[in-house]
Amino acid sequence: MSNGGGSYNAQNDSRAGSTGEPDLGTEPTGGFFSADYKKHDDLKQMLDSNKDNLKLEAMKRIVGMVAKGKDASDLFAAVVKNVVSKNIEVKKLVYVYLVRYAEEQQDLALLSIATFQRALKDPNQLIRASALRVLSSIRVPVIVPIMMLALKDSVVDMSPYVRKTAAHAIPKLYSLDPEQKDQLIQVIEKLLADKTTLVVGSAVMAFEELCPDRVDLIHKNYRKLCNLLVDVEEWGQVVIINMLTRYARTQFLDPNQQDVIADEDKNFYGDEDEKDSEEEEEDEEKEKTPPKKPYMMDPDHRLLLRNTKPLLQSRNAAVVMAVAQLYHHIAPKSEVGLVAKALVRLLRSHREIQHVVLSNVATLTTIRKGMFEPYLKSFFVRPSDPIHVRTLKLEILTNLATETSISTILREFQTYVTSSDKDFVAATIQAIGRCASSISEVTETCLNGLVGLLSNRNEYVVAESVVVIKKLLQMQPDSHSEIIQHMAKLADTITVPMARASILWMVGEYSDRVPKIAPDLLRKMAKNFINEEDIVKLQILNLAAKLCITNPKQTKLLCQYVLNLAKYDQNYDIRDRARFIRQLVSPAGEKGALGKHAKKIFLASKPAPVLDSSFKDRDQWQLGSLSHMINQQASGYSPLPDFPAAAPDPTVRNVEVPMPWAEKTHKKKAGKPKKEAFYSDEEEESESESDSEESSSSSSESGSESESEDDSKSESGSDKDKKSDEEAESSSSSSSESESSSESESDSESESEPDTKPQKKAPPPKTKSSTKPKKEAKQEVSLLDLDDKIKENGDSIPSQAHDEKTDHTLLDTEVDVSSTSAPVPAPASALDVLSPSLASDLQGLSINDKTDTAISVTTPMFVSTTSHELLHRMTGEGLSANYRFTRGTCIYSTSMVPVELTFTNHTDSPVSNIRIGDKKLQAGMTLQEFPEIPSLPGGGSMSVSIGIDFKDTIQPANFQICTQDRKYNVSIKPPVGELFQAVTMSEADFTAQQSKLTGMNENSGKVSIPSQHNNSKTITARMSELANVAPVSSSQDGIYRFAGKTVSGGTLLLITVKVGEDNSASITVNCELMAICSMLVKEVKQKLSLA
């Protein structure tokens, strides 16, 4: 056979030699055994040909082989010779091949190094970039100097594509020779200054690979990166956003440490109404002292948030996820909710994307529950969802469960239980158990539903229900002995080991509640002991030991029988447990030291299990990272830095980028002898134009702000004193301009500049007559406009008396604020910080669309003098604190509940710097701090006031009370009656509103009132003590009506007490908040039934 193969090959070789051309169509069959057979010989000859079409065909076939994963490395010598080809198409394909194999065939690649260097000067940008890419792929330290020279030349190349390739080559060169780091950082600095969107993403990627801690390279490029971000390619956006997230964490203060004061307020009714209301606001300014702003967001911080917001609409899921993590880590709490809709949109993508997004949403729901509540139905499970997506959706639904949404979620869970997927059914039942443990109002309902599942035909459903019921019963076993009896009877039919073990544990733990059933269950288990699973055997041993301790007469022999069976079991754990129990329960001789305490050991009270979310501890990782996905630190992960305690110097970012149109603008500005006339007249022109053309006004104002940004900054030092004296006036004045900027949001400022240049060239002279019509137009103002105007500004109202110089200062301030920051959504409260006098005046003047005009707030009927302990003097090391709900109007905001704190120093030495520290509030809740107490002398006491917006829930407000050297964690949980403020209304209005709040918005109950207290005076007094409500006049005897509304949301509360002849009374509570209805009915029943 070998001879035949050899002769056949020899014959073919001679035939090929005689013709002079290879036989490309015939492949020798004996080639696998022949040493002289050359693989890809046809391709090599095609590459050696003089015809470009043959070379191009050969390169296409070779690149196709590489794309399919086939090895084409033996063609390297033949391919590399064609790098000098004059055909552009051939040369491109050659470079594609060389990039793939240059690292493997380094010696051959070095032979063509001169060719690559010549290609770096090629007129075609693709050839230059490919040559640089091949050069950086040759992993030989000898050519590092050549690569560095090529890199420095490419960085200044006219083509942005070549500069982008140079950025990609930097990490390769750094890994080859780390000593070149300093020179490479200089190259990166040049690339970061590039203005081309094609280059910026790659430059930041190289920066992150090489020197992520060199934030000084980012300072002067920060604003440019923010402005170019929208136009960068998608993967570059991801890299830049992640880098800017870390930058923001090191350069800006935490916006959630204190209440955020918006840089700009959005106007509600337009420019015309705003001008009409200014005159009335000036009158109010005299009565109001502007509050001190505790925090002002850095304009650059706002710039980043504003420019990343449009990327939430990106088609790339990675970009949306990057923006979501940026908002989560650096945005104010009131603005993080913007990302919820974008993340929900990603749930329509592929399964893999769904899994990543849902994992991050699950973490967000443990921290910011209210963020995804409007999108609850988006997390309902679909039949097409895979099991890992279903499990994550169950996790999210459980995290989102609240008193208001639990009924919808439980109805959805009921359909999931009927699924044929056993794992999904088990996860659903566990989710029901978690809902029951976290929301006490539905614990009974969930428990009854789980007990109902015990009769299900699916044994797996029954088994999982038993396991969950066992955990729930541990929380309150006293009132559920009948459930334990019912589950004990199921031991005969259930075969799932975990469920049988759970039943045995429950019967043993609560054997005193089922004294007749427990011994009989032990008898049945002992009969089948040897056939049980190991986990069941261990629980049988525990049951025998517990019953032997509590009921030795009936179970001692059974216990010994079970111990004897376990003594010879195959599992050593069971044998060891039997020996241990035997010595404790029934020792052969005198009881040992442990035997005397057997009852304490076996029947000790055990804490109820805590059913927490598995995503609760994942907030330690950066959102969207691999470490967050796997819940452990991945290779290369670096944690996010903490926010700085003090704000770093913001002027490091004030680097002006020279641009052609900017130079022209500065030349025009240099010719202006005086700045005051420019600002004042331009404002008057823009305001007069806004009456007829609002959009053109918005454009011109926006442009003028961008042009005068630098100049207003230069003048800010000289006008600093004036601005501080008239801080309130500047904030109110800037609101008119902020409307136009808020409508255009983040439009390009450069587009509006040409509109403003003609105004700059020939500004009209400033005269008193030009100012007069403006002031006359402002004199007409309605009460409604005043109310809403104050709600938008939240600071103060400018006074009428100010001269022309003051007007100039205000406009300077306005331009500075508007040009460096964007409108911020208003905080949770309807009004910002108010003075006590103005808050009380506006209480009755505010008009709410949801509330009838006949319904008005009134003073509380009862104010409790009882205080509650906030900080015990032992815990506070001599400092104690009590709190009391004053039921008045909060001096900080009408949506906040006022709370009076009283600090007492029980020591002889003074306590200094008493203040509120870190706040851990539920989503949406806000807390207004009291001014810091510098010193509290020994034995002294002081009362201060704070405001808390509980968002109409009884969730506690957790925060820290700090002194000079100590921090104490405290919590204020409001009684449900303190969430309201009393309102007055007529009986007809009461009846009309009550008719709208029926069905699920109504809750009722019955109570027996002691005869001595069955009178209107006592009932009214007790209801006023219970809740901050006001009585409503009634035309019927024996019917008492009370009305109030929630402080935060303004939701109406109506209480009706109908007293019968036999001292029995029916209670009806109507409110949109169902959980509050349920709690109030219980508390009213308790209050009225007191003797």
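This is a predicted model: local features need pLDDT of at least 70, side-chain atom pairs count only at pLDDT 80 or more; totals for chains, interfaces and linings use all residues.

Mentor: Strand E16, residues 1064-1071, has 6 of its 8 residues buried, so this strand is largely enclosed by the rest of the structure.

Two partner strands can be named for E16. With strand E12, residues 1002-1008, E16 pairs in the antiparallel sense over 7 bridges. Within that pairing, Ser 1004 stands opposite Thr 1068 of E16. Strand E15, residues 1052-1059, also runs antiparallel to E16, and 7 bridges join these two. Here Cys 1071 of E16 has Leu 1053 as its bridge partner. E15 and E16 together make a hairpin, with 4 residues between the two strands. In the turn of this hairpin, Asn 1063 adopts a positive phi of about 65°. As a general point, side chains in a regular strand alternate between the two faces of the sheet.

Inside it, strand E5, residues 911-920, and strand E9, residues 957-962, are paired antiparallel over 4 bridges. Ile 916 has Ile 961 in E9 as its bridge partner.

The other open sheet consists of 5 strands in the order E2-E3-E4-E8-E6, again with antiparallel pairing. Strand E2 (868-871) and strand E6 (926-928) stand at its edges with a single partner strand each, so one side of each lacks a neighbour in the sheet. On average, neighbouring strands of this sheet are turned by 30° against each other, direction ignored. Strand E4, residues 897-905, and strand E8, residues 941-949, run antiparallel and are joined by 8 bridges. One of the facing pairs is Val 897 with Ile 948 of E8.

Asp 949 forms a salt bridge with Lys 951, and the closest N and O atoms are 3.8 Å apart. The two partners can be set side by side: Asp 949 counts as buried at 0% relative accessibility, whereas Lys 951 is partly exposed at 32%.

The structure holds 28 salt bridges. Among them is the pair of Lys 91 and Asp 122, with 3.9 Å between the closest N and O atoms. Lys 91 belongs to helix H5 (residues 88-101) and Asp 122 to the loop between helix H7 (113-119) and helix H8 (125-137), so this pair ties together parts that are 31 residues apart in sequence. Lys 91 is buried, with a relative accessibility of 12%, and Asp 122 is likewise buried, at 16%. A further salt bridge links Asp 520 to Lys 524, again with the closest N and O atoms 3.9 Å apart. These residues are 4 places apart in helix H29 (residues 517-527), which means that about one helical turn separates them. Asp 520 counts as partly exposed at 32% relative accessibility, and Lys 524 is partly exposed at 28%.

The largest nonpolar core has 191 residues, of which Tyr 97, Leu 98, Leu 343, Phe 372, Phe 379 and Phe 413 touch the most other members. Helix H18, residues 317-330, supplies the largest share of this core, with 10 residues. Tyr 97 has contacts beyond four places in sequence that include Met 59, Ile 62, Val 66, Leu 75 and Phe 76. A second, separate core comprises 60 residues, including Met 925, Val 976, Leu 979 and Leu 1026.

The protein has a mean pLDDT of 74, and 72% of its residues reach 70 or more. Over residues 1-37 the pLDDT stays under 50, and the model has 11 contacts beyond four places in sequence for this stretch. Residues 259-279 also have a pLDDT below 50, and this stretch has 79 contacts in the model beyond near neighbours in sequence.

Notes
Residues are numbered from 1 along each chain as its sequence is written. Side-chain values use heavy atoms; hydrogens and water are left out. pLDDT is the predictor's confidence in each residue, from 0 to 100. Contact means heavy atoms within 4.5 Å. A nonpolar core is a set of buried Ala, Val, Leu, Ile, Met, Phe, Trp, Tyr and Cys residues joined through side-chain atoms within 4.5 Å. Buried means under 20% relative accessible area, exposed over 50%, partly exposed in between (1.4 Å probe, protein chains only). Two strands pair if DSSP finds at least two bridges between them. Axes are lines fitted to C-alpha atoms, for helices over the stretch in contact, and angles run from 0 to 180 degrees between N-to-C directions. A salt bridge is a side-chain nitrogen of Lys or Arg within 4 Å of a carboxyl oxygen of Asp or Glu.
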